[in-house]
Amino acid sequence: MVDQKKFALFLATPDSEFVKKAYGGYHNVFVETFGDEGEHWDSFRVVDGEFPDEKDLEKYDGFVISGSSHDSFQNDPWILKLCEIVKKLDEMKKKVLGICFGHQIIARVRGGTVGRARKGPELKLGKITIVKDAITPGSYFGDEIPDSIDIIKLHQDEVLVLPEGAKVLAYSDKYEVEMFSIEDHLFCIQGHPEYNKEILFEIVDRVLRLGYIKQEMADAAKASMEGKGADRKLLETICKNFLKGRVPAN
């Protein structure tokens with residue numbers, strides 16, 4: 001019998017009412033995007049100080065760190081604890097997929113610099129350009145390496161200085177580091193592969209209502225998805241290939 005693969009999701013964000021109602025929580029959104037049948041996924045609400053015991057880290061095949069409205073460069077106790085755990089996972093060479101806040105946390109843990117985005121926040125469907133020379137054909141990307149990927153973006157911070165040994169896999173007109181990897185076990189994406197149009201629109205409406213953004217930005221965010229969507233299938237495949245250690249056959 002094949003051992004059941006186990007994955008852990010570090011949720012650095014609370015569930016919104018909309019996500020609870022529509023999907024039963026972010027746990028389901030992530031598992032639907034990155035999970036496969038027959039796998040076991042555990043969630044730890046790290047934003048509330050919920051972490052696995054260090055002795056249990058070994059039993060997981062891979063980890064995903066979600067986005068967050070918190071800043072990755074702050075020193076809240078839970079953020080420092082998350083950094084500690086990521087450092088341990090790095091030493092163990094465990095597969096860790098970092099998304100948005102998670103992408104920045106991994107950069108921070110490895111000695112990079114993270115901070116407020118120099119060209120301002122982003123809230124839209126954006127295009128990232130793939131650094132083809134940095135990607136081996138037949139790796140997570142498959143044989144056909146795309147020139148660019150459309151992905152939902154929602155962040156106000158960025159990786160300012162990459163850690164030593166990191167390889168930039170994608171950039172955009174506003175940000176130098178949209179995607180990077182370190183060795184074979186750390187893979188980081190600034191955008192949100194797990195988000196769809198409904199989730200983005202609900203977040204736009206909510207942050208507008210709270211006064212965090214102006215109407216102009218909300219309108220532009222919605223307009224960016226008019227008649228098109230993110231390359232979710234491709235992003236899903238890349239992330240799954242990384243997490244499951246699957247390299248497509250040539």
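**A colleague's note on the predicted model**

1. Let us start with a charge and a ring: Lys81 lies over the face of Phe51, at 5.7 Å from the ring centre. For this, NZ of Lys or CZ of Arg must be within 6 Å of the ring centre and within 35 degrees of the ring normal. Phe7 has such a neighbour too, with the charged end of Lys244 placed 5.3 Å from the centre of the ring.

2. A word on what you are looking at. This is a predicted model, in which local features need pLDDT of at least 70 and side-chain atom pairs count only at pLDDT 80 or more, while totals for chains, interfaces and linings use all residues. Residues are numbered from 1 along each chain as its sequence is written, and side-chain values use heavy atoms, with hydrogens and water left out.

3. Now the whole chain. The protein chain has 7 helices and 11 strands; these are DSSP runs numbered from the N terminus, with helices being H or I of at least four residues and strands E of at least two. Its radius of gyration is 17 Å, close to the 18 Å from the globule rule for 250 residues, so the chain is as compact as a globular protein of that length. That radius is taken over C-alpha atoms, and the rule is 2.2 Å times the number of residues to the power 0.38. Along the principal axes, the C-alpha atoms fill a box of roughly 55 × 40 × 35 Å.

4. How much of the chain is buried? Buried residues make up 52% of the 250 residues, where buried means under 20% relative accessible area, exposed over 50% and partly exposed in between (1.4 Å probe, protein chains only).

5. Which strands pair with β3? Strand β1 (residues 6–10) pairs with β3 in the parallel sense over 4 bridges, and Leu9 has Val64 as its bridge partner. Strands count as paired if DSSP finds at least two bridges between them. Strand β4 (residues 95–99) also runs parallel to β3, joined by 4 bridges, with Phe63 opposite Val96. From β3 the chain crosses through helix α3 (residues 77–91) to β4, and this β-α-β crossover is right-handed: with the strands pointing away from the viewer, the path from the first strand over the helix to the second runs clockwise.

6. Next, the aromatic rings. There are 12 aromatic pairs, counting rings of Phe, Tyr and Trp (its six-membered ring) with centres within 6.5 Å; planes under 30 degrees apart are stacked, over 60 edge-to-face and the rest tilted. Phe10 and Phe63 form a tilted pair, 5.7 Å centre to centre with 50° between the planes. Phe10 lies in β1 and Phe63 in β3, so their pair ties together parts 53 residues apart in sequence. Phe10 is buried at 0% relative accessible area, and Phe63 is buried at 0% as well. Phe10, Phe44, Tyr60 and Phe63 form one aromatic cluster.

7. Why is helix α4 (residues 101–109) described as largely enclosed by the rest of the structure? The reason is that 7 of its 9 residues are buried, including Phe101, His103 and Ile106. Gly111 follows α4 and has a positive phi, near 100°.
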